[in-house]
Amino acid sequence: MTIPQQFEERIIFPVGEKIENEYFRGPAWLGVLVAPDSAWNCPIFNVTFEPGVRNNWHRHPGGQILLVTAGTGYYQEEGKTARLLNKGDVVQIPPDVRHWHGAAADSWFSHIAISTNVQQGDVEWMEPVTDEEYPE
Ligand code: MN
């Protein structure tokens, strides 16, 4: 499936390239808005998920901030109820907290992902979010 033109226009930022790794359950796209470097030390990505697609459980040693730009999705921290996300929502993910994020089952979803305190280390990927864990 390709990103519907109507949705892509709402995202504003470039959608980038399809993500080719095993840490996303289904198609997702990554646009590099600010590349990792030493000048700003603040990588920023545009991430777009096909309906129902989410990333694996993971943690960021330096934390992460999500700015929701389009569609409906979820953010869930381990041990807590999944939070429903809509455009305009801001998610502040504390360092080292296990979590996942992704699209709702019936909606495309896009967020900007800002990497914070990157000197603390790279993302650590864990197991997939199961259908039982994924919200109804
Ligand atoms: Mn994350």
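Predicted model: local features only at pLDDT ≥ 70, side-chain atom pairs only at ≥ 80, totals over all residues.
1. Let me start at Phe7, which touches Thr48, Ala70, Gly71, Trp108, Phe109 and Ser110, leaving aside residues up to four places away in sequence. Phe7 sits in helix 1 (residues 5-11) and is buried, at 5% relative accessibility.

2. Now the metal. The manganese ion has five named donor atoms to look up: NE2 of His58, His60, His99 and His101, plus OE1 of Gln64, at 2.2 Å. Along the chain the donors are spaced H-x1-H-x3-Q-x34-H-x1-H. I looked at burial for two of these residues: His58 has 0% relative accessibility and counts as buried, and Gln64 is buried too, with a relative accessible area of 7%.

3. Gln76 deserves a look. This residue is in strand 5 (residues 64-77), and its relative accessible area of 11% makes it buried, the cut-off being under 20%. What does the side chain of Gln76 make a polar contact with? One partner is the side chain of Trp100, at 2.8 Å. A polar atom of the Gln76 side chain also lies 2.8 Å from the backbone oxygen of Lys80. Beyond four places in sequence, Gln76 touches Trp57, Thr81, Ala82, Arg98, His99, Trp100 and Glu133. His99 in that list is also one of the manganese ligands.

4. On charges: the structure holds seven salt bridges, and a few are worth checking by eye. Arg25 and Asp131 pair through their side chains at 3.3 Å, N to O. Arg25 is in the loop between strand 1 (17-18) and strand 2 (28-34), while Asp131 is in the segment after strand 10 (124-125), so this bridge ties together parts 106 residues apart in sequence. Asp131 also forms a salt bridge with Arg54, with the closest N and O atoms 3.1 Å apart. That pair links distant parts as well, since Arg54 belongs to the loop between strand 3 (44-49) and strand 4 (58-59), 77 residues from Asp131. Together, Arg25, Arg54 and Asp131 are linked in a salt-bridge network.

5. Last one: Glu78 and Arg98 form a salt bridge, their closest N and O atoms being 3.1 Å apart. Glu78 lies in the loop between strand 5 and strand 6 (83-86) and Arg98 in the loop between strand 7 (90-93) and strand 8 (99-103), so the bridge joins parts 20 residues apart in sequence. Glu78 is partly exposed, with a relative accessible area of 47%.

Methods
Residues numbered from 1 in each chain as written. Heavy atoms only, no water. Donors = N, O, S within 2.8 Å, 3.2 Å for Na, K, Ca; no water. Buried < 20%, exposed > 50% of the residue type's maximum accessible area, 1.4 Å probe, protein only. Helix = DSSP H or I, 4+ residues; strand = E, 2+ residues; numbered from the N terminus. Polar contact = N/O pair within 3.5 Å; in protein donor to acceptor, adjacent residues only side chain to side chain. Contact = heavy atoms within 4.5 Å. Salt bridge = Lys/Arg side-chain N within 4 Å of Asp/Glu carboxyl O.
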